[in-house]
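Here is a report on one structure, viewed helix by helix and residue by residue. Keep the display open while reading.

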Amino acid sequence: MDQFLRVVAVFLEVAVLSAILYCMLNGVRLALLDFGVGPKYNKVILMALAAAGSLLVVFFVAHLTTFYPTF
Amino acid sequence: MDFWTGQLEYIQDVFKPIIIAVLIFSPALLALFALGFYRRCLLWRLGREDKRTDSILTRIKTTLGVALAHLRFLNEAYPGWMHFLIFWGAAMIIVSKIIRLFSYLAGIDNPPQDVFLYASLASEIGAILIIIGGLLAIYRRYIVKPSRLDTKPDDTLVFLFVFLILITGFMIKGYRIATSEVSPTDWAVWSPIGYGFSKIFATFLTDYRNEILIWHRVLFHTVIAFVFGVYVFASRSRIQHLWLTPLNVFFRSLRPKGALVPIDIEKAETFGTSKIENFTWKQLLDLDACTRCGRCQDCCPAHLSGKALSPKKVIQDLKDHLNQVYPYPFVKKPVETRRDMISEAITEEVIWDCTTCRACQQACPIYIEHIDKIVDMRRNLALERAQFPESAQQALTSLGTRGHPWRGTTATRTDWTSGLEIKALSENKDIELLYWVGCTAALEDRNMKVAQATARIMQAAGINFGILGVEETCCGDPARRMGDEYLFQTLCQKNIEILRGYNVGKIMTTCPHCFNTLKNEYPQFGGNFEVIHHTQLIADLLREGRLQIGGTDGKKLTYHDSCYLGRYNDIYRAPREILRAISGTKSVELARSGAKSFCCGGGGGHMWMEEPIDKRLNVRRVEDVLKAKVDVVATACPYCLSMLEDGLKAKAAEETIKARDLSELVIEAVKKKA
């Protein structure tokens with residue numbers, strides 16, 4: 001049961017963290033556009049942020065499965 | 001006191017970091033919010049001036065009524081109550097959280113502490129209300145899929161965003177309960193869902209039970225709001241309606257409903273709106289405030305008859321156009337090449353489709369003004385581009401040269417009076433009431449009977465009235481609604497001169513369009529008269545007993561509300577009093593009556609425009625009449641009378657159902673008595 005709950009908890013956390021990450025990074029992208037960074041760089045920014053986001057998600061999954069607190 | 005011992009520890013280890021986080025992030029959040037809001041303000045400021053700060057108390061009252069009591073929202077049960085739940089759920093959470101947040105600073109670590117627990121429960125109930133409302137909304141938007149709703153990715157994101165905030169809130173509650181060393185049984189009941197979550201999350205070992213883990217949970221909770229929620233979402237998505245809606249309601253128009261804004265012909269640099277910047281700041285605010293609810297579309301008679309016009313689409317297309325012309329508001333410069341707003345973004349077909357019936361504005365819960373924008377674009381078409389539908393052009397030419405739009409008529413202004421012994425003001429100035437006949441009643445064959453019936457009624461009641469006769473010219477309504485503001489002002493000022501010359505005080509008219517223009521628009525040019533409609537006069541006469549009418553002959557009657565009498569001037573009761581007096585209990589209401597009445601299709605200049613056969617509004621309205629299974633449909637407007645008769649002919653029902661003006665029905669009843 002504990003094991004099951006732990007899996008559920010990790011899954012929930014990763015889901016929430018990924019959503020938050022997406023929100024944050026997309027927000028950074030739109031803010032950059034707004035301040036005239038230039039539509040020229042849009043693709044570059046997108047790819048950079050997507051890469052950063054994916055790396056962070058991988059990190060979260062690894063971190064949580066390894067270090068999730070136990071009873 | 002177990003609870004409070006645990007709480008004190010909790011307050012030291014957990015709550016303090018939260019307070020610090022909030023205190024650091026709040027100014028940053030506010031700054032980001034202000035930046036996002038300013039981003040939109042820059043666009044509204046492109047518009048022209050418009051003074052909207054009069055009658056502050058009235059404005060506050062309406063805003064509070066709409067926001068708190070959900071006036072107009074609740075006109076439709078499902079979306080109205082669904083939103084009510086979401087709004088009040090959010091309000092409960094916000095108030096409870098503020099209480100809980102500041103309870104530490106207020107020192108509620110001594111009794112009374114119950115308020116803390118009540119706030120905890122209230123915030124959870126609030127969250128449940130939002131979830132229920134949200135699920136109702138999701139069901140409606142994604143499964144029922146009513147035609148008036150269009151769903152963009154932004155809408156789905158907003159749902160996800162809100163659910164995310166609620167779920168992370170419960171998660172944090174769950175963590176907090178889980179980390180507390182004190183058994184939660186005595187106060188878990190005050191946070192039932194949080195307690196449930198705490199069971200899911202593993203409790204922490206003492207080593208881990210430190211604020212770092214809690215810190216970063218809380219941080220993420222606020223960081224969503226931080227970048228995306230506040231700046232980006234708040235300056236782009238429908239989340240803006242939280243502040244734009246009250247703002248839009250606050251700055252709503254307090255002018256008489258039927259009064260369009262005049263153009264200062266001498267000082268104006270442009271006539272009407274050919275570019276998006278020509279609109280006023282309030283009209284641009286309307287574009288941002290629109291939440292695409294679609295209520296306007298659902299009641300637009302043109303849209304329901306298959307025409308291209310959709311009020312919602314007009315607003316959204318104008319908004320898209322604004323965002324296309326100014327994609328980066330901070331840069332403050334428009335793009336080099338832009339689409340033409342009138343012919344490409346909106347299209348002339350849509351602009352001319354509107355009958356100015358005001359159903360859209362009546363339905364809009366946030367008081368967006370659709371008609372002003374459409375008429376402003378018509379004004380540009382009329383006065384700068386000289387582009388009209390051809391038949392409309394002919395009516396306006398006739399208006400300018402002959403003083404009435406009925407080209408082709410062989411009648412004169414006084415032909416209808418033959419046999420009635422009515423004197424013109426030029427012969428007899430000593431009158432108590434001027435009967436303003438109107439172009440249609442004076443010159444159009446069918447409507448002449450209405451003028452004759454009305455005159456006979458007044459004679460039967462012993463009213464000393466007169467007419468202008470050949471001196472009467474068009475009140476100007478068709479010109480103004482078709483955008484020819486210059487022609488309207490010419491006619492208007494000429495009429496005011498004549499009326500003042502005769503010292504006219506009280507005017508009665510049989511046409512709601514004349515009624516509206518004389519009453520609500522002539523004062524803009526100094527013409528202040530007491531104006532009544534013939535239904536008001538007849539209702540008064542019946543009430544006072546000055547008219548004796550005979551019994552009915554058992555016919556079943558109904559009344560079709562004229563847009564310019566009902567929605568524009570709130571006259572619903574007088575015609576119904578007349579109907580009841582004539583028919584006793586044999587009168588029924590049409591579907592879509594009263595403020596929701598379906599336009600006959602004659603307004604906005606459409607009396608003089610060609611209509612495609614399969615998209616006629618009057619035929620749609622006659623279908624309502626047929627469903628009501630009546631013998632007579634009563635009207636109070638010359639346009640409605642003509643349009644309904646046409647519609648009955650089109651449906652081959654002119655033998656079984658008669659269209660009559662109320663004055664005709666009354667004079668018949670008077671004759672029966674005599």
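## Two helices in contact

In chain B, B:His534, B:Thr535 and B:Ile538 of helix α23(B) meet B:Leu662, B:Ser663 and B:Val666 of α27(B). The model is predicted. Helix α23 covers residues 534–544 and helix α27 covers residues 662–673. Their axes come within 10 Å and cross at roughly 25°. That angle makes α23(B) roughly parallel to α27(B). The crossing is left-handed.

Residues up to four places away in sequence aside, B:Val666 touches B:Ile457, B:Ile538, B:Ile549, B:Ile578 and B:Ile582.

## The nonpolar cores

The largest nonpolar core holds 134 residues. Which residues touch the most other members? They are B:Ile351, B:Ile538, B:Ile578, B:Leu644 and B:Val666. Helix α19 of chain B, residues 445–460, gives the most to this core, with 7 residues. A second, separate core has 9 residues, including B:Ala127, B:Ile130, B:Ala137 and B:Leu166.

There is a general background to this. In soluble globular proteins, nonpolar side chains tend to be buried together.

## Chain B as a whole

Chain B has 27 helices and 8 strands. Of its 674 residues, 45% are buried. Take the contacts in chain B between residues at least 6 apart in sequence: 82% of them join residues at least 24 apart.

Helix α2 of chain B runs over residues 56–69. At 1.5 Å a residue, its 14 residues should span 20 Å, and the end C-alpha atoms are 19 Å apart, which agrees. How many of its 14 residues are buried? The count is 1, and α2(B) is hardly covered. Just after α2(B), B:His70 takes a positive phi of about 55°.

α2(B) packs with helix α8 of chain B, residues 241–250. The angle is about 140° and the axes are 8 Å apart. The two helices are therefore oblique to each other. α2(B) passes α8(B) in a right-handed crossing. From α2(B), B:Arg59, B:Thr62, B:Thr63, B:Val66 and B:Ala67 take part. They meet B:Pro246, B:Val249 and B:Phe250 in α8(B).

Helix α3 of chain B, residues 77–103, has 27 residues. From first C-alpha to last, α3(B) reaches 38 Å, close to the 39 Å expected at 1.5 Å a residue.

The buried residues of α3(B) are B:Pro79, B:Met82, B:Leu85, B:Gly89, B:Met92, B:Ile93 and B:Ser96. An α-helix has 3.6 residues a turn, so residues three or four places apart point the same way. What do the buried residues of α3(B) pack against? Their partner is α4 of chain B, 114–144.

## Two buried residues

B:Leu487 sits in helix α21 of chain B, residues 485–501. B:Leu487 has 21 other C-beta atoms within 10 Å, so this residue is buried. Leaving aside neighbours within four places in sequence, B:Leu487 is in contact with B:Leu396, B:Leu399, B:Gly400 and B:Ala479. B:Ile167 is 320 residues apart from B:Leu487 along the chain, and their C-alpha atoms are separated by 62 Å.

B:Gln283 lies in helix α9 of chain B, residues 281–289. Is B:Gln283 buried or exposed? B:Gln283 counts as buried because 23 C-beta neighbours lie inside 10 Å. Not counting residues up to four places away in sequence, B:Gln283 touches B:Gly47, B:Glu369, B:Asp372 and B:Lys373. B:Gln283 and B:Lys373 are 90 residues apart in sequence, with their C-alpha atoms 7.4 Å apart in space.

## Positive phi in two loops

Most residues other than glycine have a negative phi. B:Asp570 has a positive phi near 55°. Where is B:Asp570? Its place is in the loop between β5 (557–559) and α24 (573–583) of chain B. With 10 other C-beta atoms within 10 Å, B:Asp570 is exposed.

B:Lys629 also has a positive phi, near 55°. B:Lys629 is found in the loop between α25 (617–628) and β7 (632–635) of chain B. B:Lys629 counts as exposed because it has 11 C-beta neighbours inside 10 Å.

How values were computed:
Residues are numbered from 1 along each chain as its sequence is written. Chains are lettered from A and ligands numbered from 1 in the order in which they are written. This is a predicted model: local features need pLDDT of at least 70, side-chain atom pairs count only at pLDDT 80 or more; totals for chains, interfaces and linings use all residues. A nonpolar core is a set of buried Ala, Val, Leu, Ile, Met, Phe, Trp, Tyr and Cys residues joined through C-beta atoms within 7 Å. A residue is buried if 20 or more other C-beta atoms lie within 10 Å of its own, exposed if 12 or fewer, and partly exposed in between; C-beta atoms are placed from the backbone. Helices (H or I, at least four residues) and strands (E, at least two) are DSSP runs, numbered from the N terminus. Two residues are in contact if their C-beta atoms, placed from the backbone, lie within 7 Å. The expected span of a helix is 1.5 Å times one less than its number of residues. Axes are lines fitted to C-alpha atoms, for helices over the stretch in contact, and angles run from 0 to 180 degrees between N-to-C directions. Angles under 35 degrees count as roughly parallel, over 145 as roughly antiparallel, 65 to 115 as roughly perpendicular and the rest as oblique. A crossing is left-handed if the near helix is turned anticlockwise from the far one by less than a right angle, and right-handed if clockwise.
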